[in-house]
Amino acid sequence: MRKPVQSKKFLATSIIAAAVVTAVAVPSASAATATFKDVSKNYQNAVDFLYTHGISRGYTPDQFGTTDSVKRADAAVQIATALGFDASKTYKDAGFKDVPTRAKWAVNALVEAGIIDGLNANEFGSDELLTRNQMAKVLANAANLSIDNNVKSTKFKDVNSNFSKYVEALVKAGITQGKTDTNFGAYDNVTRGEMALFLFRSQEGLGFIDLMVMHMNDHHAYLDPLPYVSTVVNELRSKHKNNLLLHAGDAFSGDLYFNAFHGAADVAMMNQLGFDAMTFGNHEFDLGSTKEGHQKLQEFVKAAKFPFVSANVDFSKDKLFDGLQTRKVSDNYKDGHIYNGIVIDVNGQKVGVFGLTTEETPTISSTGEVKFENYIDRAKASVKAFEDQGVNKIIALTHIGFDDSLVWDNDQELAKQVAGIDIIVGGHTHSSIGEPKVVNEGKGVTIIVQAHEYAKALGTLDVKFNSKGEIYSHAGKLIATDPTVKDFPIAADKDAAKVLEPFTKKVKEIKESSIGVTAKALLDGKRDSDNTGVSSVRHNETNLGNLMTDAMLWKAKSINDKTSIAIQNGGGIRTHIDAGDITTGKVLKVMPFGNALAIVELSGADLLKTLEHSVGADAIEGGKGLKENGAFLHVSGMKFTYDSSKAKGERIQSAQVLEGDKYVDLDKTKTYFIATNSFTAKGGDGFEQLGNAYKAGKVSEPGFVDYENFIEYVKTLGKEVNPTVEGRIIDTTLATQQNGFKK
């Protein structure tokens, strides 16, 4: 029977008290418990459950009345409260004349829902004591137990045929075993202690649930940790019967498994782990500019043994996805298909999961005909769709970033603006959220989690819902799953390792293929995920950025000798290269996208605007420079200074271009030929001036792939390379911490 969705008011006292735990499991948590002197150990947990959720209070601060009998009216109030019916709402009048005002709402609600009936048309029997027979019938109905109408008798001799099917349903559900093997106590009155036990044992059927949410994001084809992730997932599933495994996007682009198999290895491993749902990350669209378009993404989707959720992504214009997307919330979904959201049955409980992908995707990936819609509007519509279906436990599976720029979108803003979302499982910013973030700013309370990157951790969130869909307790942590860590304690799951083995063999061959050149020092492509101001390819010059742009300029000059500058977005430099032998595999990990060379014809004025955009990130507090930004440009053939303390759009202080062996001031009126990658040349990462030039036909695309150009150039430098930071890019607020210009 369908229960009405209740408005959710978060139980703040419990959630604030919840903390990150050191064990995966959390104890049964109740922020509000009572110490009644007449409650024995056998009844303690059950009484605490009733007390915590306001189902029943004691007679006095120290007396619960455990052995006292329960009146039918009082039982109705307790059951209606447990089910989440609301005393402030109006239900159809059941017509009983003997129901006191305090219980009228509860009796009416239960009768309207078909859970309870009266003694006759006019009398409910409010003051009569509830028998165990009557309790069995009411509870079997209230908890949605499986009731077999063919059952006419039970092992209990005192249960007649009218109540046999209800008693049998309780026995099968493990709610009761009777007073003895042959005596149920059918006509005995239910005591308050027994009532507490009955409701406590029936809590899942009444709408309460303890849910373990396991989650990953941004694994970027780093598949070597997944057999270890599988071990953890299997253990958690064995301990938590109510569980979900969710992926918040960016399976594509990163490790060599992607270069070799373009998602096929990833989906094979994700199928093995048994994911329940995934949303799309921006990198799922990286291959859109290739001749095949999103063919590999389509194959990834169709091969998945799980559904995809994506409320704000419209595939309708891309014929590759014809028949794969259904733009609605569905409780009858198929694996390998795309929905706005899905209703997952978790052991009889409905949990809604909908997806969102950052609206920035068209500027940072190659989306083609795929369209992206406003995340707030689509989130509100999804929540309403769930609530219309009676779903009051809602998870947003997002790839919009925990604290990404509000020019686009982020999880914290989503939580503030959209009521009704209980949990946000996020990705995109690679954030390590050990202790779940709780957002409570007037539009309901939402828990936000995210599990780092590259399958280095599995996120866990043990969350408890009451029957109204309110979270009353939670505990979360990240479980390290990186097998390269010293003294790593987790064994690989053999079945998962067997699935990965044939893919690993091919990747190993690629990794071990040397290009014949040695790096004398680390080629720095590291990130500063916490925005502390330390070195990062996304906010300062690095030796690897210099080497990559030098290679790009070298190749471009061989095609168009007028090319004088090269620029590379920091977001396209995916990792570093350790000192030592440089292999093809290491280069591919740095440049996994296979971007082609492009040469842009741009005015000096537009180049300055382009540079301004590249240093347009928010400043780090304390004068530590800029926060990470994938649009940050590395350069060759020029140098520039900027002041991170100034307003955005006013930061560039100087810009010079190398002419011969000297640097001269950039000329706003002059036209420059600039080498870059095809992604940036088309306006990727928000480069408006480059995008306009592309539309105007001022971009040539010779078609040479970035990693091949890089390897070819590095080989010309000899057997060893040792690039340095030369002062090509200087933040004047940090000038004392960096090298000056190289004259």
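**Overall build and local details of the chain**

Residues 24 or more positions apart account for 74% of the chain's contacts with a separation of 6 or more, a contact being heavy atoms within 4.5 Å. The model is a predicted one, in which local features need pLDDT of at least 70 and side-chain atom pairs count only at pLDDT 80 or more, while totals for chains, interfaces and linings use all residues. Numbering starts from 1 along each chain as its sequence is written, and side-chain values rest on heavy atoms, with hydrogens and water left out.

As for the overall picture, the chain carries 21 helices and 27 strands; these are DSSP runs numbered from the N terminus, with helices (H or I) of at least four residues and strands (E) of at least two. Taken along the principal axes, the C-alpha atoms fill a box of roughly 100 × 50 × 50 Å. Of the 743 residues, 57% count as buried (under 20% relative accessible area, with exposed over 50% and partly exposed in between; 1.4 Å probe, protein chains only).

On to the cores. A nonpolar core here is a set of buried Ala, Val, Leu, Ile, Met, Phe, Trp, Tyr and Cys residues joined through side-chain atoms within 4.5 Å. The largest has 60 residues, and Ile79, Phe85 and Leu110 touch the most other members. At least two residues each come from helix 2 (41-52), helix 3 (72-83), helix 4 (101-112), helix 5 (132-142), helix 6 (161-172) and helix 7 (192-201). Helix 3 gives the most to this core, namely 8 residues. Another core, of 50 residues, lies apart from it and has Leu236, Met269, Ala304 and Ile490 among its members.

Helix 4 is also where Trp105 sits. Trp105 is buried, at a relative accessible area of 14%. Leaving aside residues up to four places away in sequence, Trp105 touches Val77, Ala80, Thr81, Phe85, Asp86, Ala87 and Tyr91. Its side chain also reaches the backbone oxygen of Arg102 at 3.3 Å.

His219 turns up in the loop between strand 1 (209-216) and helix 8 (226-239), and is buried, with a relative accessible area of 0%. The side chains of His219 and His247 make a polar contact at 2.8 Å; such a contact is a pair of N or O atoms within 3.5 Å, where within protein one must be able to donate a hydrogen and the other to accept it, and residues adjacent in sequence count only if both atoms are side-chain atoms. Not counting residues up to four places away in sequence, the residues that His219 touches are His247, Asp250, Ala251, Asp266, Met270, Tyr454 and Ala455.

That brings in Ala455, which has a positive phi of about 60° although it is not a glycine. Ala455 belongs to the loop between strand 13 (445-450) and strand 14 (457-465) and counts as buried at 2% relative accessibility. Asn144, not a glycine either, has a positive phi of about 55°. Asn144 lies in the loop between helix 5 and helix 6, and at 39% relative accessibility Asn144 counts as partly exposed.

Further along is helix 20 (residues 688-695), with Gln689, Leu690, Gly691 and Ala693 buried. The buried residues of helix 20 pack against strand 17 (563-569), strand 19 (597-603), helix 18 (604-614), helix 19 (678-681) and strand 25 (699-700). After helix 20 comes Gly697, with a positive phi near 80°.
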